[in-house]
Amino acid sequence: MTTVERPVGGRLVDQFEYGLDAPICLTWELTYACNLACVHCLSSSGRRDPRELSTAEAERVIDELQRMQVFYVNVGGGEPTVRPDFWHLLDYAIGHDVGVKFSTNGIKLDRARAQQLARTDYVDVQISLDGATAEVNDAVRGTGSFATATRALENLAEAGMKDVKVSVVVTRENAGQLDEFKALTDRYGAQLRITRFRPSGRGADVWDRLHPTQQQQRELYAWLLANGDQVLTGDSFFHLSALGEALPGLNLCGAGRVVCLIDPVGDVYACPFAIHENFLAGNVRDEGGFQRVWQQSELFADLRNPQTGGACTKCAHFDACRGGCMAAKFFTGLPLDGPDPECVQGYGETALAARDRELVPPRSHIDHSHTGPVRGQPTLLGIPSIPVKICDESPLAGLDPRWRPPSEG
Amino acid sequence: MTAPTGPDPVAFDPSLPWQKARSVALRPEPFGALVYSFGTRKLSFLKSRQLVAVVTALSDHPTAAATLVACGVTEAQRPAYVKALADLARSQMIERRETP
């Protein structure tokens with residue numbers, strides 16, 4: 001490990017490369033439990049982990065975040081609202097100056113909860129939707145999930161909840177629906193948030209089929225330049241900046257520098273898309289808690305050195321995209337100092353093609369996917385995402401009798 | 001993004017008393033500070049420690065201009081600091097103080 005001395009002054013993006021005393025943007029996944037089984041789940045969620053943080057432990061994390069002045073956390077999962085103490089932890093965080101933005105599929109947002117949220121300050125709600133139509137959405141998120149999400153949006157709008165977000169992961173299937181998403185979001189008085197699809201968790205299984213094409217990326221970039229001021233992106237499309245004009249926001253991989261993830265069992269990873277032992281910095285249960293992990297872990301110190309070598313630093317566009325997304329490279333088996341698999345200059349495709357044929361991209365050993373059938377389970381391209389256990393050893397494996405073509409879903 | 005009508009409450013006038021907005025928290029960082037508004041839920045950055053000192057000291061001085069002098073901001077730096085404070089006023093990170 002080498003530590004490079006931080007320069008004084010200069011651009012913020014250069015300062016951020018050296019890290020901060022506390023994260024700007026912290027994601028906290030409260031549980032691996034989820035009622036859905038989305039084919040592209042970044043955290044391979046489904047079943048609760050028995051080691052998940054208790055209510056008291058979660059409160060201690062919030063106390064620490066308050067001391068560190070982490071002004072808000074992005075809460076997710078799994079489906080965070082299925083934790084019985086979710087509403088308590090929400091109030092506890094807000095009472096301790098830690099604002100909460102939480103992502104949900106909407107399952108628990110009935111009228112009463114919507115009214116409760118509308119009355120609460122410093123809470124933001126993000127409803128996940130990955131298709132502007134039930135057909136496109138339900139193929140990846142599961143039958144009925146579009147109806148659940150839009151019902152939640154209705155309840156929130158009716159309760160007068162402000163600044164609701166509709167959170168969309170841009171895929172090959174929905175990249176053509178951006179205007180429809182905008183219209184849908186406007187209909188509920190909400191704001192659209194679109195983010196990049198990464199090959200993380202179960203996303204790795206469907207990335208080849210679902211990640212946007214180069215043409216779609218160019219269209220997305222043009223769309224963002226035209227609509228960017230009305231749409232949130234979590235700065236997740238910074239790799240598109242290499243197409244020309246920089247997109248608004250932080251054009252930098254923030255992993256371990258300005259962002260990190262606390263997972264349901266308290267493990268701290270460099271970013272929500274990097275649940276893998278290579279990016280595990282420590283656990284909030286360790287001595288010194290989260291603060292010590294953030295400020296003193298060796299992994300994060302390493303990530304806080306600006307990239308100085310590798311193929312990308314020689315590229316004319318390096319200053320625009322900074323080599324792209326670490327997690328996307330890692331889970332497609334590309335070197336971390338080389339191009340992003342979706343490099344808009346085409347270097348990613350070349351790198352993917354040049355991979356060793358024997359190479360097996362790294363996989364996370366952390367998998368909480370449902371092991372049995374799930375109600376309404378997604379049928380992306382007609383292939384059930386989760387094998388039915390009884391068929392595992394059978395020559396009929398893959399022929400799920402419950403399968404319906406997506407168009408009928 | 002609605003433009004305010006009538007007298008602009010966030011127009012920055014350095015000859016008036018100002019303060020860090022009450023709904024704003026400031027977190028020191030090696031490069032300066034992070035400012036977060038619990039009101040607007042916007043995040044902003046102060047890019048130098050001297051600017052952090054200025055924002056913190058606003059409430060101790062009769063005017064913003066006097067704060068700049070007290071914090072040792074030179075004539076040459078002054079326009080950049082006035083612009084930075086004007087930006088912070090526009091984003092409601094600092095607010096006009098009632099009593100001088």
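## What you're looking at

This is a predicted model, where local features need pLDDT of at least 70 and side-chain atom pairs count only at pLDDT 80 or more, while totals for chains, interfaces and linings use all residues. Residues are numbered from 1 along each chain as its sequence is written, and chains are lettered from A and ligands numbered from 1 in the order in which they are written.

## Helix α9 of chain A

Back to the question. Helices here are DSSP runs of H or I with at least four residues, strands are runs of E with at least two, and both are numbered from the N terminus.

Now for its sides. A:Q217, A:L220, A:Y221 and A:L224 are buried in α9(A). They cover an arc of only 100 degrees around the axis, which puts them on the same side of α9(A); the arc is that of the directions from the helix axis to the C-beta atoms. An α-helix has 3.6 residues a turn, so residues three or four places apart point the same way. The face turned away from the buried side of α9(A) carries the exposed residues A:Q215 and A:A226. "Buried" here means 20 or more other C-beta atoms within 10 Å of the residue's own, "exposed" means 12 or fewer, and "partly exposed" is in between, with C-beta atoms placed from the backbone. Strand β5 (165-170) of chain A is included in what covers the buried residues of α9(A).

## The rest of chain A

Chain A has 14 helices and ten strands. Its radius of gyration is 21 Å, close to the 22 Å that the globule rule gives for 409 residues, so chain A is as compact as a globular protein of that length. (That radius is taken over C-alpha atoms, and the rule is 2.2 Å times the number of residues to the power 0.38.) Buried residues make up 47% of the 409 residues in chain A.

The largest nonpolar core has 129 residues, and those touching the most other members are A:V73, A:Y269, A:A270, A:C271 and A:A274. Such a core is a set of buried Ala, Val, Leu, Ile, Met, Phe, Trp, Tyr and Cys residues joined through C-beta atoms within 7 Å. Beyond its neighbours within four places in sequence, A:Y269 has contacts that include A:C260, A:F279 and A:L280; a contact means C-beta atoms, placed from the backbone, within 7 Å.

## A buried loop residue

A:Q177 lies in the loop between β5 and α7 (178-187) of chain A. A:Q177 is buried, with 20 other C-beta atoms within 10 Å. Not counting residues up to four places away in sequence, A:Q177 touches A:G131, A:A132 and A:V136.

Chain B has three helices and five strands, in the order β-β-β-β-α-α-α-β along the sequence. Of its 100 residues, 27% count as buried.

The contact takes 13 residues from chain B and twelve residues from chain A. On the side of chain B that touches chain A, β2 (24-29), β3 (32-37) and β4 (43-46) each supply at least two residues, and the largest share, three residues, comes from β2(B). By class, this side of chain B has eight nonpolar, one polar and four charged residues. Ala, Val, Leu, Ile, Met, Phe, Trp, Tyr, Cys and Pro count as nonpolar, Asp, Glu, Lys and Arg as charged, and the others, Gly among them, as polar.

Methods. Two residues are in contact if their C-beta atoms, placed from the backbone, lie within 7 Å.
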